[in-house]
Amino acid sequence: MRKMIFILAILNAWLFASDELNIDSLFKKQIGLRSITSLSLLSTGNANSYLLYPNISIGGDPTIWNDTKQVFLTQTFIYTLHPKFDLLISGGGSYARQEYTNFFTNEYSHKDRIGFDNLWLGFIYTGESFADFIPQITFQTALVQREKAINNTKNFYLKSQNLQVSLRGYSDPVVYSIYSGFGYNQARKFKTLKIEYGHGIYVGGDLSIVLSPKITLDLGAEQRFQTEQKINGYQNSEVRSIPTFSLGSTYSINADTAISVNANFGGSSAAPDSVFGLSLWKKF
């Protein structure tokens with residue numbers, strides 16, 4: 001479940017450096033470029049709007065929706081400069097159908113929104129293995145985020161950062177990881193609103209079972225907390241608990257290409273009901 005993009009499973013740093021999918025090849029790295037293209041469909045079933053990258057988080061728009069259905073398209077590039085150091089850049093956009101009940105007419109209606117969401121830049125550092133674990137640090141900063149509050153849309157620059165530390169290991173035929181991270185959000189100033197989204201802290205784990213040289217079964221669980229949101233200095237939410245569980249599979253088409261599918265389910269009223277995703281992996 002975690003994540004260069006939401007549906008990336010634990011294989012993210014090693015998958016495309018091999019001729020086939022197996023335990024030995026998962027931990028090799030190759031100098032060069034990898035691409036991950038992901039399409040995700042999110043359904044909320046609650047009043048919130050969500051962001052998927054780099055983690056699931058609740059957006060700051062104070063509008064109360066009946067339901068929101070969002071389609072996210074995310075493109076991530078990872079370039080390995082050295083076996084221990086990767087650069088990554090990720091950008092994406094989304095389409096959202098936000099449903100509401102008109103206060104004056106009591107009619108059920110909706111608003112549609114489509115456009116660019118964000119562009120992130122970061123790095124991945126892989127440390128020396130110890131006690132059968134490989135440590136990894138991922139840091140990302142948002143170069144630009146395009147956000148909307150009520151009827152005001154605005155670009156924000158360098159307002160969000162995310163730091164994650166993970167430990168990865170394997171026990172044939174299982175590849176696993178545990179991780180923890182922190183997401184920092186600076187306040188956003190719109191025309192009439194100053195919104196503080198709150199910060200995120202999360203822990204989680206991934207498990208990939210190698211079923212054959214080409215197929216894995218991917219499982220994941222994450223517990224995320226997002227601190228209180230404030231609008232114009234007034235708190236308008238409590239700490240939000242966002243637990244999620246994921247199930248998916250990765251299929252290696254050939255030495256350079258793989259495809260993965262993933263279903264993610266929320267475990268609380270603050271979490272999205274579901275996220276279904278499809279990712280195409282490519283090594284150049």
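Visitor: Which strand gives the largest share of the lining of the largest pocket?
Guide: E6 does, with nine residues. This is a predicted model: local features need pLDDT of at least 70, side-chain atom pairs count only at pLDDT 80 or more, and totals for chains, interfaces and linings use all residues. Residues are numbered from 1 along each chain as its sequence is written, and side-chain values use heavy atoms, with hydrogens and water left out.

Visitor: What volume does the largest pocket have?
Guide: About 540 Å³. A pocket is an open set of points on a 1 Å grid over the protein atoms alone, with protein on both sides within 12 Å along at least five of seven lines. Grid points are joined across faces, edges and corners, and the volume is the space filled by probe spheres set on the points.

Visitor: How do the lining residues divide into nonpolar, polar and charged?
Guide: Eleven nonpolar, twelve polar and eight charged. Ala, Val, Leu, Ile, Met, Phe, Trp, Tyr, Cys and Pro count as nonpolar, Asp, Glu, Lys and Arg as charged, and the others, Gly among them, as polar.

Visitor: And the second largest pocket, how much space lies there?
Guide: About 170 Å³. It has 13 lining residues, and Asn48, Pro62, Ile64, Asn236 and Arg240 lie nearest its centre. By class, that lining has four nonpolar, seven polar and two charged residues.

Visitor: Switching to cavities. How many of 30 Å³ or more does a search of the whole structure find?
Guide: Six. In a cavity, a 1.4 Å probe fits but cannot get out.

Visitor: What lines the largest cavity?
Guide: There are 19 lining residues, with Pro54, Ser57, Trp120, Asn185 and Arg224 nearest the centre. Strands E3 (57-58), E7, E9 (160-171), E10 (174-185) and E14 each give two or more. The space in the largest cavity is about 170 Å³.

Visitor: Which strands supply at least two residues each to the second largest cavity?
Guide: E4, E5 and E6. About 80 Å³ of space lies in that cavity. Its lining includes Leu51, Phe72, Gly92 and Asp117.

Visitor: Now packing. Which residues make up the largest nonpolar core?
Guide: Ten: Leu42, Tyr50, Leu52, Ile56, Ile58, Phe72, Ile242, Ala270, Ala271 and Val275. A second, separate core has nine residues, including Ile78, Leu88, Trp120 and Ile124. A nonpolar core joins buried Ala, Val, Leu, Ile, Met, Phe, Trp, Tyr and Cys residues through side-chain atoms within 4.5 Å. Buried means under 20% relative accessible area (1.4 Å probe, protein chains only).

Visitor: Last topic: in which sense do E14 and E17 pair?
Guide: Antiparallel, over twelve bridges, with E14 at residues 215-226 and E17 at 240-252. Two strands pair if DSSP finds at least two bridges between them. Phe225 stands opposite Ser241.

Visitor: What joins E17 to E18?
Guide: A hairpin, through four residues. Nine bridges also link E17 to E18 (residues 257-266), and the two run antiparallel. Tyr251 has Ile259 as its bridge partner.

Definitions and conventions: 1 Å grid on protein atoms, 1.4 Å probe; cavity = no way out; pocket = protein on both sides within 12 Å on 5 of 7 lines; lining within 4 Å. Buried < 20%, exposed > 50% of the residue type's maximum accessible area, 1.4 Å probe, protein only.
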